[in-house]
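Please load the model in the viewer and keep the sequence panel open beside it.

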Amino acid sequence: MELPKFILGDNTDYQDAIFVIHTEFPRFIINLENDEVEWFEEFDQHDQKELETEMENYIMQATEFYDREVARYDDN
């Protein structure tokens, strides 16, 4: 099965949360309400430093994906 790069997630136990799941490496879930990230990967020290520099880009991509999806719902 091929998955999209980003998936929206919802859970009634977290009513204010907006989850975006990133399915490609590095896989993670971000809560756009507070930018909290949960990684599904384990990183060594070298990867950790590179990840820190890319983190802002990942958050921006997830936010842009969410905005695009919401705009599409609003258009319908």
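The stops below cover the sheet, the helix and the nonpolar core of this predicted model.

**The sheet.** Select the strands to begin. Four of them make up an open sheet, ordered β1-β2-β3-β4, with antiparallel pairing. Next, colour β1 (6–9) and β4 (36–39): these strands stand at the edges, and each has a single partner strand, so one side of each lacks a neighbour in the sheet. Viewed across the sheet, neighbouring strands are turned against each other by 20° on average, direction ignored.

**The core.** Which residues form the largest nonpolar core? Select Phe6, Val20, Phe28, Ile30, Leu32, Val37, Leu51, Met55, Tyr58, Ala62 and Phe65, the 11 residues of this core. Two or more of these residues come from each of β3 (28–31) and α1 (45–75). The most is given by α1, with five residues. In soluble globular proteins, nonpolar side chains tend to be buried together.

**A last stop at Val37.** Centre on Val37 and display its contacts. Leaving aside residues up to four places away in sequence, Val37 touches Phe28, Ile29, Ile30 and Met55. Among these, Phe28, Ile30 and Met55 also belong to the core selected above.

Terms used:
Residues numbered from 1 in each chain as written. Predicted model: local features only at pLDDT ≥ 70, side-chain atom pairs only at ≥ 80, totals over all residues. Heavy atoms only, no water. Core = buried A, V, L, I, M, F, W, Y, C linked by side-chain atoms within 4.5 Å. Buried < 20%, exposed > 50% of the residue type's maximum accessible area, 1.4 Å probe, protein only. Helix = DSSP H or I, 4+ residues; strand = E, 2+ residues; numbered from the N terminus. Contact = heavy atoms within 4.5 Å. Pairing = 2+ DSSP bridges. Axes fitted to C-alpha atoms, helices over the stretch in contact; angles between N-to-C directions.
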